[in-house]
Amino acid sequence: MEIKENTISILVNNKPDVMARIAGTFSGRGFNIETIAVNVTKDPNISKIILTIFGNQDTITKIEKQLKRMLDVIQVDDLTGRDAIRREMILVRMKTTEEQRTQLTKTIDTYKWKIVSSSPDYCIVEITGHRDDIENALAILEPLGIDDFTRTGTVALARQNNNSRG
Amino acid sequence: MKLTGAQILFKVLKQENVDTIFGYPGGSVMDIYDELFRHEDIKHFLVRHEQGAIHAADGYARASGKIGVCLVTSGPGATNTVTGIANAYMDSIPIVVMTGQVPVSLIGNDAFQEVDITGITRPCTKHNFLVRDPENLARTIKEAFHIARAGRPGPVLIDLPKNVMQALVDDTTLSYPISFSDEETDPIEKDCAEALELIRKSRKPLIFCGGGVILGRAWKEFRTFAKKLNCPVTSSLMGLGAFPGTDPLWLGMLGMHGTYYANMAISNADLLIAVGVRFDDRVTSKVEAFAPHARIIHIDIDPVSIDKTIKADVSIISDCKPVLQLLNEWLSHDPVVTPQEHTKEWRAQIAEWKEKVPLSYCRGEKIKPQYVIETLYELTKGKAIITTEVGQNQMWTAQFYPFEAPNTFISSGGLGTMGFGFPAAIGAQVACPEKLVVDIAGDGSIQMNIQEMATAVQYKLPVKIVILNNGFLGMVRQWQELFYGKRYSQTDMSYAPDFVKLAEAYGATGLRCTKPNEVKATLQKGLDTPGTVVMDFRVEPEEGVFPMVKPGLSLSEMSLGKT
């Protein structure tokens, strides 16, 4: 069966041990989490977790069943193949020198990225986009001197609400 | 009115009709034990090791159909229960484990006897709780009991910090409305109709039942179903007792040590009706060659079991009782569906297999373990509750003791825990004081929890222990004989205590038997002697369990041993 990237959206009770339970379910069954993003929903007692996982449909079905069995899991939605917006964000700290500053500013303007902090020696660039866009951005910035970066997991939201909790 | 946490704990335990606890005190649970002192209506059994407590609670749950309750202290008390928790989790047994914990203010400080037991048991409990706030205590205990028994049952652990047990809480918290709605279940009619269609078309049907039939208390419906179809029945280890072992439709257990005819039937069937099973690897052996000609109907309460290893043609996710009830009702109105006429040849074929290779063993100079079990069956007329340890003793019991009734065979199925049988027998005896409870053990596994002899004697529990003493870790030895060039690496157990003297030292009765012609008399004497009895049968050291399907082969490729 075809291995593909899957996006799963999970609503869970916002409790201290829930992340450990979810992560444990994955590691215990030999599944690997590719990216993860978590935050509270409009109901502060409920958190939404967006996971991306590589695997075939069989594996994904098994994961979903395991997740649904957990008591703190309220809902599991497979967004893979559904019409959904997917975004990652990355903060890139660039070493800035006199020589490449112009080039860097030009590049950032061209791609409509944002400088969110700058000092004589460094600046931090904020980029959001699809995972591929982020990969591209990193490739473009690499020759200009990346010092370090932090990248979020994918967040995703279906364009249409197919069920009660969205 | 203000109550302490410990008082609230007992109030809720009584609301949950708990009258039996297996446990062991320690620093973090002293407030609970102090409160227990005032509750004569709750019987506490003091074990000698916490593993004994959790297995006893497990045996109690299996024999009684109620929730087993276990109480231990923090740190090592809690970690000593982990094997038993994992055991109950694998076999879906409802247990509530209460562990002490250091005061909340000390959690995370590497305090004396502190361990993160909720962290440790997360993957082997159905759910677990750490109660940080006394206000949540009553509610959490109620939830724990609900979760343990709901749906597919399992163990639930509640970690109770010492300060929470000491805290004073307003009693009104208890009247806080706590209700649990029944879990939503999908309608089963459509799936059942599809199943019936497959049954109608089948010429070689086989029913395969598992522990779900027993846990779902559906054995009556199950028996009716099999009878209506006049369809042969096999089961997993956990399913033994769901169908009478003396019924002509019964084929015995299937799988690695299943009967020749059960494995041949599954390998040739055109329809497999699997009820309350999860297709464990000891059942399927080589998955690709499992039931190769059969359409599969899979009925199970746990969606995770469906299509996990074996793909079903029709799957019905439900408690098996309502499914069987519905199918039985339809079968009564529509006798045409019953493929009795169509399956005549199939039943003749199975009868032929039964005739050709029955379960058997060679008699010899020395006592054969299978003979001990057969004789035990004869003397108990199949009416005893039998627990087993794990290994050859367990497989021979499954083969040679035909179980008539559910919950009379108590064995560690999924985890394969040596040392389970004896404490489980203690729990079963507590649950069923009027019944004869026998632990069939090996000389290896009995030594894993032998300290519970003191518990059995202290509470005057007349548990009978049959040791099939072959001086080896027999099942591992058998694998070494067959697959590792007879290199018996670390399986010689011939240095063992004198079990008769050991029994006497504990205040029990010890009997020894070395000759085949004395087996019956020894068993009779052991069963007739009041109190705890240990019977040490010196059996043929290198006897094997057969039939055997070697790992990686299909079920039809059995080694039959010396017949």
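The structure holds 35 salt bridges over all chains. A salt bridge here is a side-chain nitrogen of Lys or Arg within 4 Å of a carboxyl oxygen of Asp or Glu. This is a predicted model, where local features need pLDDT of at least 70, side-chain atom pairs count only at pLDDT 80 or more, and totals for chains, interfaces and linings use all residues. Residues are numbered from 1 along each chain as its sequence is written, chains are lettered from A and ligands numbered from 1 in the order in which they are written, and side-chain values use heavy atoms, with hydrogens and water left out.

**Chain A**

Chain A has four helices and nine strands. Helices (H or I, at least four residues) and strands (E, at least two) are DSSP runs, numbered from the N terminus. From the N terminus on, the order in chain A is β-α-β-β-α-β-β-α-β-β-α-β-β. Its C-alpha atoms fill a box of roughly 60 × 40 × 35 Å, taken along the principal axes.

**Where the chains meet**

How many residues of chain A are in contact with chain B? There are 11, and they touch 14 residues of chain B. Contact means heavy atoms within 4.5 Å. The two chains bury about 1000 Å² between them, and 49% of it is on carbon and sulfur atoms. Buried area is the accessible area (1.4 Å probe) that two parts lose on being put together, summed over both. On the chain A side, Arg21(A), Lys65(A) and Leu71(A) lose the most area to chain B, together 51% of what that side buries.

Two salt bridges link chain A and chain B. One joins the side chains of Arg69(A) and Asp302(B), at 2.3 Å, N to O. Another joins Asp58(A) and Lys311(B), at 3.1 Å, N to O. Asp58(A) lies in helix H2 (residues 57-69) of chain A and Lys311(B) in the loop between strand S13 (295-300) and strand S14 (314-317) of chain B, so the pair joins two chains.

**Helix pairs in chain B**

Axes are lines fitted to C-alpha atoms, for helices over the stretch in contact, and angles run from 0 to 180 degrees between N-to-C directions.

| Helix pair | Axes come within | Crossing angle |
|---|---|---|
| H9(B) (residues 189-201) and H14(B) (residues 320-333) | 10 Å | roughly 55° |
| H3(B) (residues 50-64) and H18(B) (residues 421-431) | 6 Å | roughly 45° |

The angle makes H3(B) oblique to H18(B). Angles under 35 degrees count as roughly parallel, over 145 as roughly antiparallel, 65 to 115 as roughly perpendicular and the rest as oblique. H3(B) passes H18(B) in a right-handed crossing. A crossing is right-handed if the near helix is turned clockwise from the far one by less than a right angle, and left-handed if anticlockwise. The contact includes Gly52(B) and His55(B) of H3(B), and Pro423(B) and Ala424(B) of H18(B).

H9(B) also passes H14(B) in a right-handed crossing. Here Glu189(B), Cys192(B), Ala193(B) and Leu196(B) of H9(B) meet Val323(B), Leu326(B), Leu327(B), Trp330(B) and Leu331(B) of H14(B).

**Backbone exceptions**

Most residues other than glycine have a negative phi, and most peptide bonds are trans. What kind of peptide bond joins Phe546(B) and Pro547(B)? The bond is cis, with omega about 0°. Pro547(B) sits in the loop between strand S20 (533-538) and strand S21 (548-549) of chain B. Lys460(B) has a positive phi, near 55°. This residue is found in the loop between helix H19 (453-458) and strand S18 (464-469) of chain B.
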